[in-house]
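Please read it with the sequence and the coordinates open.

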Amino acid sequence: MDIPAELEQKIDETITHYPVSKRSAVLPLLHLLQEHLGYISSETADWVAKKLDLQPINVLEIVTFYPMFRAAPPGRHHIRVCRTLSCAMAGSYKLLNDLCEMAHIERPQHAGHGTPFTVGEDGKFSIEFVECLASCGTAPVCMVNDDFYEGVNKEAAAEILQKYQ
Amino acid sequence: MVSLIKQPHPREKRMIFKNVDRPGWKTDIDTYLGDGGYEQLKKALTMSQPDVVNEVKASGLRGRGGAGFPCGVKWGFIKQDSPKPIYLICNADESEPGTFKDRYIIHQDPHQLVEGMVISCYAVNARLAYIYIRGEYPEGAKILETALAEARERGFLGKNIQGSGFDCEIYVHRGAGAYICGEETGLIESLEGKRPYPRIKPPYFPAVLGLYQCPTIVNNVETLCHVKHIIAMGGAEYAKIGRPNNTGTRILCVSGDVQKPGYFEVEVGSVTMGELINDMCGGMKDGRKLKAIIPGGSSAKVLRADERYKIKEKNAEGVTVDKEIGIEDIPMDFDTLAAVGSMAGSGGVIVMDDSRNMVETLANINEFYAHESCGQCTPCREGSLWMQKITRRMVSGEGAKQDPAVLKSVADNIAGKTICAFGEACAWPTQSFVAKFKEEFDAKAQRNVTPREVSDGVALQAGRPVLVHDHEVAAASAGGVPKPDAPWEVSNDSKSGEV
């Protein structure tokens, strides 16, 4: 695996945050690597296991449990639309449909484990229907990569997609 | 884009949210220091550690995460002379649907949290602390990391803080989208790098065996911020805010069918549900009528608008008398919300108007809990999925006559039968929605479906509701309307998908 020196340095520094148990660094390491690689392959999981003196299963069980870790590559921009009650009341199901239609992506299946997102054919966007993003007062909300958008109607959704061309 | 209310409402008393939406306010340490920041930490460091704990005990501060457990009592479980290291964890996993207060503290006033945490670490003698922040707040994590670096640079964190001899280090730890990490022992497991399966307790609570099997305190973001204000005014003075046993201020997060949703920091119990919705949130949207309120995050039991609630109240002579009140007269405090059969929980108030169908609303909630059950205990793992399937089916128009009774039975067999409180969290919505809006559930449960009388050769107990399986429904409706894949998600051209 090709890990840039700068990233490996960041990884080594992160491990020092957990002086009692290196195992605690599993989540932060997976975040760092997913940011860099887009998803966690079994090769990546093995690398993390080795780095932290763990068995590969100790890493894989984390990747398969936590919804934010992806086992398959997303699009260049990953969109998360909040599905939960306040957002649903404010129209997030329609927002998901609008976004899928405008970005020409198949509608993802209902939020679930595994790989619940869909990727457009051109690989530009991927979209996922996620549980509560904790901004119920400005529903409906979505995220594109790490950017957060509130009160998103169809027009705003179109603008957001434009922004990430 | 919508914006929340930027000006505090006159009924508010802003302590924790003093700097949220404040003109000219920035998140850097100089802005914070220019406003008297870290003075309370300096003050606390001159006090003895037990004195700080005693001030918090005297304040009556109750945890703001959901359970409302007295913070000082929790701290009191820690033996300060413990031979093992003591840890403090800030629970910033904010994930109860309807709750969004910590988001604003973290994004707009990170140093308040850092100061509150260092004071709390000093009080319980913790030298290492973590902020467990939900994965969906990547920006918040960066803001906190910057704030911690600034505090370290200025000597408010790290070795020998302000020359006191007290060392303390805090790190940010990001979660990855799992609701169960808000449960404190699940959080601890997650911080240890494992799946967040909650631990069995009693006998050992985190204050005895927590992170790495050492004494650990887990407190919510808002709770830790309150500590700073308790040191500022003294526990006894703080206790005068709010109501007896419900002291301090509380941030209420309102979402749903109101004109102006948003956050409001009020003295606990100083506003009623009606004042909150009608005065502070500008009333119901589109002139519609109030139908139901979930008062403390989506796991709190729903309250019906046209129901009368019995509470006990002290009259002018100090005698406790029974009183019957309507939903709008319920004061928003811990004890009253518990007395009317729900809970103050995390302060997330979700308001529904008369256009909402309660079966569809419950179906949405059940989808959430089915997704978020960690799968450790059978009643919850299986039951949350059953409830999800049944409410999906009811919304699709395929509800069987026995479905409401089965829903209740499934929920009743989860609550109280699991390792952690998730069991209650997923059962309470179903129990309360089905009981309080029976007519709506019956209306969606019209199909005659004959269930199997025998399951896997074992005769089911007489009188017990029998789960109808989807294939039986399919058989009963063969030749009828085809069932859509995900029934309650309506097609794109209709207004809906909304519940």
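**Notes on the predicted model**

1. In chain A, the bridge partner of A:Met143 in S5(A) is A:Phe148. The two strands concerned, S4(A) and S5(A), run antiparallel and are joined by three bridges. Between strand S4 (142-144) and S5 of chain A comes a loop that holds A:Asn145, and the phi of A:Asn145 is near 50°, a positive value in a residue other than glycine.

2. Taken as a whole, chain A has seven helices and five strands, and from the N terminus on its elements follow the pattern α-α-α-α-β-α-α-β-β-β-β-α. The C-alpha trace of chain A spans about 50 × 35 × 25 Å along its principal axes.

3. Turning to the interface, chain A brings 53 residues to the contact and chain B brings 69 residues. The area buried between the two chains is about 4900 Å², and carbon and sulfur atoms give 59% of that area. On the chain A side, A:Phe65, A:Leu85 and A:Met89 supply 15% of the area that chain A buries against chain B, more than any other three residues.

4. What polar interactions cross the interface of chain A and chain B? There are 17 residue pairs in polar contact, counted where both residues have pLDDT 80 or more, and two salt bridges are found across the interface. One salt bridge is formed by A:Glu35 with B:Arg174, where the closest N and O atoms are 3.8 Å apart. Several elements of chain A each supply at least two residues of the side that touches chain B, namely helix H2 (26-37), helix H4 (56-65), helix H5 (85-89), helix H6 (92-102) and strand S5 (147-149). By class, that side of chain A has 25 nonpolar, 17 polar and eleven charged residues.

5. In chain B, an open sheet of four strands has parallel pairing and the order S3-S2-S1-S4. Its edge strands are strand S3 (169-174) and strand S4 (216-220) of chain B, each of which pairs on one side only. On average, with direction ignored, neighbouring strands of this sheet are turned by 20° against each other. Within the sheet, strand S2 (residues 128-133) of chain B pairs with S3(B) in the parallel sense over six bridges, and B:Ala129 stands opposite B:Ile170 in S3(B).

6. Helix H7 (residues 138-153) of chain B lies across S2 and S3 of chain B and runs at about 170° to S3(B). Which residue forms a salt bridge with B:Arg154? The partner is B:Asp30, and the closest N and O atoms of this salt bridge are 3.1 Å apart. Because B:Arg154 lies in the loop between H7 and S3 of chain B, while B:Asp30 lies in helix H1 (residues 29-33) of chain B, the pair ties together parts that are 124 residues apart in sequence. Over all chains, a search of the whole structure finds 44 salt bridges.

7. Two peptide bonds in chain B deserve a check against the coordinates. A cis peptide bond joins B:Lys201 and B:Pro202, with omega about -5°, and the peptide bond from B:Pro202 to B:Pro203 is also cis, with omega near 10°. B:Pro202 lies in the loop between helix H8 (184-191) and S4 of chain B, and B:Pro203 has its place in the loop between H8 and S4 of chain B as well.

8. A further point concerns a hairpin in chain B. Strand S11 (residues 308-314) and strand S12 (residues 320-326) of chain B run antiparallel and are joined by seven bridges, with B:Tyr309 opposite B:Ile325 in S12(B). Five residues lie between S11(B) and S12(B) in this hairpin, and B:Gly318 in the turn has a positive phi of about 80°.

Note on methods:
Residues numbered from 1 in each chain as written. Chains lettered and ligands numbered in written order. Predicted model: local features only at pLDDT ≥ 70, side-chain atom pairs only at ≥ 80, totals over all residues. Heavy atoms only, no water. Contact = heavy atoms within 4.5 Å. Buried area = accessible area lost by both parts, 1.4 Å probe. Salt bridge = Lys/Arg side-chain N within 4 Å of Asp/Glu carboxyl O. Polar contact = N/O pair within 3.5 Å; in protein donor to acceptor, adjacent residues only side chain to side chain. Nonpolar A, V, L, I, M, F, W, Y, C, P; charged D, E, K, R; others polar. Pairing = 2+ DSSP bridges. Axes fitted to C-alpha atoms, helices over the stretch in contact; angles between N-to-C directions.
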